[in-house]
Amino acid sequence: MTTNTQGDESLIIVMQKDADAADVDHVVERLHDIGAEAHISVGRFRTVIGALGDRQVIQQLPWEAFPGVERAVPVLKPFKFVSRDFQQEDTVVDVGGTLIGGRRFAPIAGPCAVESREQLFASAEAVVKAGARVLRGDAFKPRTSPYSFQGLEEKGLELLAEAREEFGIPFVAEAVDPRDVELVSGYADIIRVGTRNMANFTLLSELGKQSRPVLLKRGLTATIEEWLNAAEYIYKEGNHDIILCERGIRTFETATRNTLDISAVPVIKGLSHLPIIVDPSHSGGRRDLVAPLTRIAVAAGADGFMIDVHPAPETALVDGAQAILPAEFATLMDDVRALCSVMGFEL
Ligand code: PEP
Ligand code: MN
């Protein structure tokens, strides 16, 4: 871990169990007086205030002498508010009643891209029947080649919104450009940041300012620390509903599309309170690997998964080789139910 070498310091002010609102307000006011930011996290047992500001000024005040303050601890990690130091309890993201995190497991499935109403509805109907709780499907597809299918854009979002009505399930879709955030958030229940955009700080800040939960994929070559810093960009702007997604990283291995870094799941669990899910489809890039990678993700303690399911993968405009069939998804869900019960996850 690198420590913060700039002038900014972050301090976690842990309030006593019986501290009241006036005690919290008093600390927050004082922080504002000295030009520092205050981020409040109300936990089940106590409130924690994250202070961010100039190191010299912030460290001078005797925080532990304030009424209701139990202790003040500096955070040395570069990411502050997404760290377990700041919040010990797991974040539970509420997507219109569907809970993700805190041992609530979220199966997310659907086509990689929305291609037509028939294709989307066939996939949605099948995944909902098999037990998916969130639908995936993209309207904007940033592709490696500029000549490949780029998505149906707003029409795709309209179809996803229709599928939500028809099958009673929220959906996640990617926003590729900061200029599209308003459009996508007008339709989608969760906005996804793709791997190629994990370090697009303009996009991250924009997503931090709107109210939809964000599904943040790990960058192709990002370290866990860089990934958590990306999450911090969103959190710091005020949006605390962030779900991380491990989707495989670039390694020297060519047998798979990417290498699923399964260690990231328990490592993130230790470092951060945010939920983490796994994308076995984009990790392996192969249909035959989806089931084993999903099972290992559940066993590693992931809070959910996101899987490409296509009614006719051989006709898919995007990522056909990694899409599984609806029947394969249903069989996999039986394994997932068994594993979730072993892991103590509520499905
Ligand atoms: C996707 O989930 O469809 C996608 C494009 O994934 P990634 O950004 O991880 O490549
Ligand atoms: Mn894809």
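This is a predicted model: local features need pLDDT of at least 70, side-chain atom pairs count only at pLDDT 80 or more; totals for chains, interfaces and linings use all residues.
1. A polar contact, as the term is used in this note, is a pair of N or O atoms within 3.5 Å.

2. One of its oxygen atoms lies 2.8 Å from an N or O atom in the side chain of Arg136. For Arg247, a polar side-chain atom is found 2.6 Å from an oxygen atom of ligand 1. His282 also takes part, with an N or O atom of its side chain 3.2 Å from an oxygen atom of the ligand. Taken alone, ligand 1 exposes 290 Å², and the protein buries 97% of that area.

3. The surroundings of ligand 1 deserve a look in the structure. Which residues surround the ligand? They are Cys112, Arg136, Asp138, Lys141, Arg192, Gly194, Thr195, Arg196, Lys217, Arg247 and His282. Two of these names, Cys112 and His282, return in the next point as donors to the metal.

4. The manganese ion (ligand 2) is coordinated by SG of Cys112, NE2 of His282 and OD of Asp319, at 1.9 to 2.2 Å. The spacing of these donor residues in sequence is C-x169-H-x36-D. His282 belongs to helix H9 (residues 280–284), whereas Asp319 is in the loop between strand E14 (304–308) and helix H11 (326–343), so the pair ties together parts that are 37 residues apart in sequence. Both His282 and Asp319 are buried.

5. Although Asp319 is not a glycine, its phi is positive, at about 55°. The residue counts as buried because its relative accessible area is 19%, and the cut-off for that class is under 20%.

6. Glu153 likewise has a positive phi of about 55° without being a glycine. Its place is the loop between strand E8 (134–136) and helix H4 (154–167). Is Glu153 buried or partly exposed? With a relative accessibility of 41%, Glu153 counts as partly exposed.

7. Turning to the aromatic rings, rings of Phe, Tyr and Trp pair if their centres lie within 6.5 Å. By this rule the count comes to nine aromatic pairs. Among them is the pair of Trp63 and Phe66, which is tilted, with 5.0 Å from centre to centre and 35° between the planes. Trp63 counts as buried because its relative accessibility is 3%; Phe66, at 11%, counts as buried too.

8. Another pair joins Phe86 and Tyr235. The ring centres are 6.5 Å apart and the planes stand at 90°, so this pair is edge-to-face. Phe86 is in the loop between strand E4 (69–74) and strand E5 (93–95), and Tyr235 is in helix H7 (residues 224–236); the pair therefore ties together parts that are 149 residues apart in sequence. Both Phe86 and Tyr235 are buried.

9. One aromatic cluster is formed by Phe105, Phe305, Phe329 and Phe345. A charged group also accompanies one of its members: the charged end of Arg103 sits over the ring of Phe345, 4.6 Å from the centre of that ring.

Terms used:
Residues are numbered from 1 along each chain as its sequence is written. Chains are lettered from A and ligands numbered from 1 in the order in which they are written. Side-chain values use heavy atoms; hydrogens and water are left out. Rings of Phe, Tyr and Trp (its six-membered ring) pair if their centres lie within 6.5 Å; planes under 30 degrees apart count as stacked, over 60 as edge-to-face and the rest as tilted. Buried means under 20% relative accessible area, exposed over 50%, partly exposed in between (1.4 Å probe, protein chains only). Helices (H or I, at least four residues) and strands (E, at least two) are DSSP runs, numbered from the N terminus. A charge sits over a ring if NZ of Lys or CZ of Arg is within 6 Å of the ring centre and within 35 degrees of the ring normal. Donors are N, O and S atoms within 2.8 Å of the metal (3.2 Å for Na, K and Ca); water is not among the atoms, so sites may look incomplete. A residue is near a molecule or strand if one of its heavy atoms lies within 4 Å of it. A polar contact is a pair of N or O atoms within 3.5 Å; within protein, one must be able to donate a hydrogen and the other to accept it, and residues adjacent in sequence count only if both atoms are side-chain atoms. Accessible areas come from the Shrake-Rupley method with a 1.4 Å probe; for residues, only the protein chains shown count as cover.
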